Amino acid sequence: MRIISCVALAAAIALHSGAANSQGKSAPKDAKLYFITPHDGQKVRGGFWVRFGLRNMGVTHAGDEYQNAGHHHLLVDVNEPIDSKEPIPQDKSHLHFGAGQTETLLELPPGTHTLQLVLGDAKHYPFEPPVVSDKITVRVRPPASARK
Amino acid sequence: MGEIRNFKSGDQDGPPPHGLMPRRLAAIIVGDIASYSRMMQADEEGTHVRVKRIERDLIQPSIVEHHGALVKTTGDGFIAIFDSPVEAVRCSIVIQQNLIGRNASLPKHSRLEYRIGVNLGDVIVEPDDVYGDGVNIATRIEGIAEPGQVYISGAIYEQIKHKVVCGYESLGDRKVKNITDPVRVYRVLPDADAVGKTRSRRENALIFLLAITVMMMAAGVLWYLLAQPGRMGEQAAVPAASPAASPAASPSPRPLPSEAATQTPQPSPSLASSPSPPAPSPSAAPPPEPEMIAIRGGSFAMGSNDDPTERPVHQVTIKPFSIGKYPVTVREWNECAAAKGCAFTAIGKDNAPVSNVSWADAQQYVVWLAQAAKKPYRLPTEAEWEYAARGGTQSKYWWGDKLQPGMAGCKDCGDLAAEQPAKVGSFKPNQFGLYDMGGGIDQWVEDCWHRTYQGAPSDGSAWTGSDCSSHVLRSGSWKNDSRYVRPSNRDGYDTNVRYPTHGFRVALSL
């Protein structure tokens, strides 16, 4: 009987969490989102790896309603402020990592670009208060082959 | 920001530059048969057959049911990866408890028992293998597990302790071979109250094992019904229907000129009228099918030079097919949900496009619809979608090169406020009579995401691949700006992730 109740409970919780509204989920005060690489002001050439760091929270799959866990979003050259009442937009400057990825290979056109990380909850809403990284700048040099 | 190219981790389109492999966070299961060598010595062929049968009947389906991926099987074991630690542990428990049932009637020396270790770690994923510390630790944890048990690492425990309602017995920090830091290990006890009691029960005989078997079967069924109402498989209750009884919903016979290249848009007088799919029929009848438009085959230049993802422009030949006149609506989706073919019930107005669906969800719908309607419904291919969206034109938008109000729903498309579409078909149809091919709701297509058209097929078929962690989205949504409304615009998104602006339409081969 215990096993059945265990399983039934697990099922009930799974169902319940699916229905819960996730807007404005609170994040621990000491949560810290940051870039492992590149560092602010770094010069890069061609494609470069961006690695996401997160302390005092966990990374999970989008859709999973775990406490103190979320998934990464990488904002490239985004100047609009983050709207905590709306899901983080999905377009070519708001890259989503809903499968729990913790890094990506970016290829940007030559020039100066800004990068910023925003942690999203199960339904892609920013946390309350938002868990965001510092906005960093990278300078992308033209590919070596283009300079001859 | 049209210039950004995003290489999703785990994507396998071409070798990544700089010799770097795609890394990702994954829950790793390593399973291994205890005393395999002894059993092989006793009965080599018999053991081999039994192991293969267990892999085929139990291990592989359990992994798929829990949204995992079998990386490889070795002679006496397997490795699988999961996005979710909870699913990984649930899967391990299901495998172990099924094996209890299978072993119950066998003498002790011929029982096949697995040790299972689960760890969470950053790994390098290749098509047929997975590497990294995370895998090594999972293997070591598996090595110290007792036969029939699931041992998990501290990293997994932290993720699941409040989710999987079972008991966990801490075994403390264990030093494992070739790993510098000690690893905290927990034993999973499917029964939360069993902590500390398992050993004394071990001698309890067959009756107890049989009882557990029966309970687990019942629990498994209960779990399946409660927690995963949307899994397709055998429970997609297909209404028993006579195939001849569905003339009302067959594809529209209206032939449409597809080769007429620069036709001007024909503003349809009926554009304001709401779409009228057939009324819901009694449960025994076939489901109302989405209204379809037949598209004649042809050849066209796919892609554009407006964005790196749309290059190179290449000639593609399309076979005749038909495609949904509108995106799939909430009403249509909920027919599937009601029949337990789709994972969730959509909220919203009946005629609104269904949203917040992942590519996997969209697949469930087309699989259900194909079974229920007995027609080969599927998602359109990316080439079919663009061909249909262009309506025979090669201009920037299907209606010309300049933005015009009333043509598409997007953030800066014109007078109509950019809001979540309240119903499909609110804007003008294109030359082929199709609504919402651009703007409104993003639409999944069949193809895997590739970041350019380098190497794309030219026969209009879907461009799939071995590893398909993300798929292609078309159309753009009400939240995007007008660049996304272009028929050539494309983007990729994780296959199993839902997002509020994502929907789809169906297609049918002719």
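# A first look at chains A and B

Setting aside its neighbours within four places in sequence, B:Tyr365 is in contact with B:Val328, B:Trp333, B:Cys336 and B:Cys342; contact here is when the C-beta atoms of two residues, placed from the backbone, lie within 7 Å. This is a predicted model, in which local features need pLDDT of at least 70, side-chain atom pairs count only at pLDDT 80 or more, and totals for chains, interfaces and linings use all residues. Residues are numbered from 1 along each chain as its sequence is written, while chains are lettered from A and ligands numbered from 1 in the order in which they are written.

**Nonpolar cores**

- B:Tyr365 also belongs to the largest nonpolar core, which has 69 residues; B:Tyr365, B:Trp333, B:Leu369 and B:Ala388 are those with the most contacts inside it.
- Such a core is a set of buried Ala, Val, Leu, Ile, Met, Phe, Trp, Tyr and Cys residues joined through C-beta atoms within 7 Å.
- A residue is buried if 20 or more other C-beta atoms lie within 10 Å of its own, exposed if 12 or fewer, and partly exposed in between, with C-beta atoms placed from the backbone.
- Helix 9 of chain B (residues 359-373) gives the most to this core, with 8 residues.
- A second, separate core has 50 residues, among them B:Phe78, B:Ile81, B:Val123 and B:Tyr151.

- Strand 5 of chain B is largely enclosed by the rest of the structure, because 10 of its 13 residues are buried.
- Helices (H or I, at least four residues) and strands (E, at least two) are DSSP runs, numbered from the N terminus, and two strands pair if DSSP finds at least two bridges between them.
- With strand 2 of chain B, strand 5 pairs in the antiparallel sense over 11 bridges, and B:Leu25 stands opposite B:Asp122 of strand 5.
- Strand 7 of chain B runs parallel to strand 5 and is joined to it by 3 bridges; B:Ile116 has B:Val150 in strand 7 as its bridge partner.
- Strands 5 and 6 of chain B form a hairpin with 2 residues between them.

**Helix 4 of chain B**

- Buried residues in helix 4 of chain B include B:Val135, B:Ile137, B:Ala138 and B:Ile141.
- Among the elements covering the buried residues of this helix are strand 2 (23-33), strand 5 (114-126) and strand 7 (150-153) of chain B.

**Chain A**

- Chain A has 1 helix and 9 strands.
- Of the 148 residues in chain A, 43% are buried.
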